[in-house]
Amino acid sequence: MAAGLQRCEGCGLVSRPPAHAPEPRCPRCDTALEFRKPDSLQRTVAYLVAAAICYVPANLLPVLTTRTAAGESSDTILEGVVLLWSPTGWPLSLIVLFASIMIPSAKIVALGYLVLSVRRGWAQSPAQRTRLYRMVGFIGRWSMVDVFVDTFTAALVQLQPLMSVEPAVGLVFFAAVVVLTMLAVESFDPRLIWDAAGANEVRHA
């Protein structure tokens with residue numbers, strides 16, 4: 001940034017736009033150039049708070065309702081994990097546990113840590129925090145697994161009038177958590193992590 005170079009978010013080209021250009025654009029793909037994502041921290045915090053709020057009903061409300069001749073039952077994510085736990089079903093139980101509970105909560109905590117580190121101007125370990133951000137972006141995609149599993153289960157298990165499975169309101173909140181955390185990851189600008197480290201290097205130069 002101090003050298004006047006800007007990296008294009010569209011194609012990755014690093015260029016030096018004209019000094020007095022009102023709206024600098026990438027010479028290769030014509031994407032608008034910005035030193036930082038606008039309002040990155042504010043938008044990331046907003047998405048994180050919304051995700052944390054939705055995370056509570058996503059785990060407390062049922063995600064699937066099963067109707068059989070014996071009656072109707074509604075299960076939360078954690079109840080589903082317990083029901084799936086058996087000598088043959090434990091791998092699926094673990095997948096649901098990781099994808100539905102551990103990964104979303106880990107994403108919220110990790111992004112909260114990154115936002116806090118930027119707000120406080122921490123200069124330590126920027127490379128490790130950048131790797132953490134990349135890891136959050138990578139594993140976050142897998143939290144959609146449970147949404148797909150529940151949706152396909154509801155679509156396939158329709159043996160009416162003997163049995164039917166329908167999505168419940170908890171699944172909506174869970175999908176909201178997944179989408180909001182993905183938006184939070186996209187909103188966060190990892191270049192902010194290096195600002196404090198760069199300023200610290202300048203002070204000690």
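How many salt bridges does the structure hold? There are 2 of them, a salt bridge being a side-chain nitrogen of Lys or Arg within 4 Å of a carboxyl oxygen of Asp or Glu. Some notes to go with that.

1. Before you start: this is a predicted model, where local features need pLDDT of at least 70, side-chain atom pairs count only at pLDDT 80 or more, and totals for chains, interfaces and linings use all residues. Residues are numbered from 1 along each chain as its sequence is written, and side-chain values use heavy atoms, with hydrogens and water left out.

2. Take a look at Arg25 and Asp30, whose side chains form a salt bridge at 3.2 Å, N to O. Arg25 is partly exposed, at 40% relative accessible area, and Asp30 is partly exposed too, at 47%. (Buried is under 20% relative accessible area, exposed is over 50%, and partly exposed lies in between, with a 1.4 Å probe and protein chains only.)

3. Now go to Arg191 and Asp189. Their side chains meet in a salt bridge at 3.0 Å, N to O, and both residues are buried.

4. Asp189 comes up again with Ser40. The side chain of Ser40 reaches the backbone nitrogen of Asp189 at 2.9 Å. That is a polar contact: a pair of N or O atoms within 3.5 Å where, within protein, one must be able to donate a hydrogen and the other to accept it, and residues adjacent in sequence count only if both atoms are side-chain atoms. Ser40 sits in helix H1 and is buried, with 3% relative accessible area. Setting aside neighbours within four places in sequence, Ser40 touches Ser187, Phe188, Asp189 and Leu192 (contact means heavy atoms within 4.5 Å).

5. Helix H1 covers residues 40-60, and Val45 is in it. Helices here are DSSP runs of H or I with at least four residues, strands are runs of E with at least two, and numbering goes from the N terminus. Val45 is partly exposed, at 31% relative accessibility. Together with Val49 and Ile53, Val45 makes a nonpolar surface patch of about 240 Å². Patch residues have over 30% relative accessible area and no salt bridge; nonpolar side chains (Val, Leu, Ile, Met, Phe, Trp, Tyr) are joined within 5 Å, like charges within 9 Å. The areas come from the Shrake-Rupley method with a 1.4 Å probe, and for residues only the protein chains shown count as cover.

6. Finally, the strands. S3 (residues 64-68) and S4 (residues 71-75) pair in the antiparallel sense over 5 bridges; pairing takes at least two bridges found by DSSP. They make a hairpin with 2 residues between them, and Thr68 has Gly71 in S4 as its bridge partner.
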